[in-house]
Amino acid sequence: QSSEEARLQAQQEEAARLEKERIEQEQMEKLEAKDQERRESELAELHSLEQKFLAAQQWKTDYRAHAKWEHYLSCDGSPDPTVLQEINAFMSLWREDQNEDIQLVMEKGEQVLNLIQKLQFLLLDTPPNEITEKETVQYQESILELQNLLHQKYNGATEHMLKAANMHEDSDTGNMQAVIKDKNVTFCIWANLKKKVRFKNHMFCDTQHGFDLPKSLAVSSVAVRILHTHYDHVSPLWLHCQSVPRFEVLDSKELTQHSKGSVEEPEEEEKKAGEEPDMPAEEETCSDGRKSAISVKGNSNSIADINETGEETEKKSEILDIPSQVQDPLMQEETNEKEEAITDENIVDLQQFVPVGGVYHIDVLQLPPQVKQIKDWSMVEVLDGGLEAYPYPPEEAEDATCPPVRITLRLSDNVMYFEDPVIARWDPAGQQWRTDGISNITYETQEGSITFEMGAFYTIALLQDAHLNMPYQAWELRPTGMDEALLTVTAVFATIQIQIKGNRCMLSSVAVEEKDVLSHVTGKWISPLDLRAVLKKAGVNIFPGEYSHKYVSVNKKAPLAEVRAYQQMALVASAFAFAWSKWNLEAGQEQVVFKVSEHLKADSVRGKDWSLYMFNGQKAQKLKITETSEAFSEELEEGSEFHSTLYHMLKDFASKEAIDKVETASFLFIDVVYQLLLATRVLTYS
């Protein structure tokens, strides 16, 4: 009988379970139906909020035009780098200028660097519909010409100094040594006037850079120059013109027809995207990084127009364009496999390792004829060739007979090396950085210096893994006042805090092991684009690039969910705090999960105030689980419903004050928050 009882009990339990499931199912269907019913009106409301993105775009367009006009009116003698006649006139005037005084050249150099920076900023900042292919190529060619001219001028100034080397003799050794520097460049110049073997090594006291020459050079008429440029004009141009994946602003009215296509038919999207490729064509992007000026455009700002089918064309300006850069990385990997992999392991892959701390041009030079004083006259023999390199190793020598040159470089204080950097030399023939030809490397971590030997004189860079701070361990975005917020990214080695206010942002701190670093770049209000450049230059990269998914274990998410989440987070960022949740990893590719809390005060968010929300781009829900629950579950919070937008989902639980704040938030503030979320990709790279 007991088995009979057990059987009955099991039947009853099964029936109860089925009934419970049926009720839950019904409940869900009711909620889904309710969500569908009000979907259109919710999307219309969201759409009117999203006009703020269009307002921001318009403001930026007007601002660019205004800046151009202001420059024109200022008549300050500096050329407009976008006007070909002006920039060409500026360059030819400087080419003809015979004054090679090193201080003057460095002052003019600062102006040239500003012009280059303006052009790079325009290439990154101008939306594709406001810049033509021709202008893009023109700006890139101007950048390359300015870079070359600047380096020629530095060579002229070096030669000018070396001609009068005997005027700067060092009393101890009888040789000449000089260190001249400003914030952009450091010249260390040594001339071997006495040719004594015992003076074959030298340390420049001011900079702690030094060298130890082979005997054959120590008895020759040579000069050594270590020219440290705090910028990199050697690597291919595309490296500095990589933009954040671009998205056009989305129009929620489109969501209903448009979203189905973009989720279920990625292959079709790929095909359409292919018509206007976001990647430079293959022959233009050989794996060694040689690129023609034109191919840079692929990285800088061409955008794949996915949605341009006939009936949608007229509404195109308001459709969300998901460029192929953030297509599902899986599809991307397939398309990119076609590129030849770099087979020679001595060639540096610049998508994985990037130069940090500038470039060191290390040269051995022929000592030019010296100035002679005859009564009141200074006389010098003038050679046609300009500054000449001294051949080392000499052409006739077998490799084995030439001892290497030993170099010590003191690492720059203005950048962070989180690991020992990789030393590479520039190979001008292959237009790439290489690691061969450099040996016996030692790092002095305490002194912050690096010593190595090389078989010839090379241009050297110290490279760092571009992704060593990824994936991030956590992130948080919280409002701190009206149109003010704080974004904190806890990366692998550093914690980065970025304040946002109106249309600017400020790096407020970079902390490594609880100590603040990089004080020279913190505390300045700049644009999001400049912030990205400043942090990358300082060796702190929290900005995934087009290929970063190949080097970081990414928490892949559907572009639809990720991008819409960033947009709607930005729209409500004036009243709600958002943060990383461990459940985002478990929620699958189609949806994102994060913590949210209404936040109207300036202090930090208390742990108990957070709730968890899940969003897939078209449906938002509040979850019952907390961050400390045992397991992930999609179960809804008691008494909550589905909504078509994150905004309406939050509205259910929000105070009137919070919603008022969202509605009155400035469009520029929203735009900056969105740009920073897109640039850091916190939902996929954490």
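Predicted model: local features only at pLDDT ≥ 70, side-chain atom pairs only at ≥ 80, totals over all residues.

**Sheet and two residues**

I began with strand E10 (residues 422-427), which pairs with E11 in the antiparallel sense over 3 bridges. Strands here are DSSP runs of at least two residues and helices (H or I) runs of at least four, numbered from the N terminus; two strands pair if DSSP finds at least two bridges between them.

Residues are numbered from 1 along each chain as its sequence is written, and side-chain values use heavy atoms, leaving out hydrogens and water.

Next I followed the open sheet of 7 strands, in the order E1-E2-E5-E6-E14-E10-E11 with antiparallel pairing. E1 (176-181) and E11 (432-434) are its edge strands, each pairing on one side only.

I moved to Tyr 360, in strand E6 (residues 353-366). Tyr 360 counts as buried because its relative accessibility is 0%, the limit being under 20% relative accessible area with a 1.4 Å probe, protein chains only. Thr 229 is 131 residues away in sequence, yet the C-alpha atoms of Tyr 360 and Thr 229 are 6.5 Å apart.

Last, I checked Ser 527, in the loop between strand E20 (525-526) and helix H10 (528-537). Ser 527 is buried, at 10% relative accessible area. Beyond its neighbours within four places in sequence, Ser 527 is in contact (heavy atoms within 4.5 Å) with Phe 121, Arg 504 and Cys 505.

Note on methods: Buried < 20%, exposed > 50% of the residue type's maximum accessible area, 1.4 Å probe, protein only.
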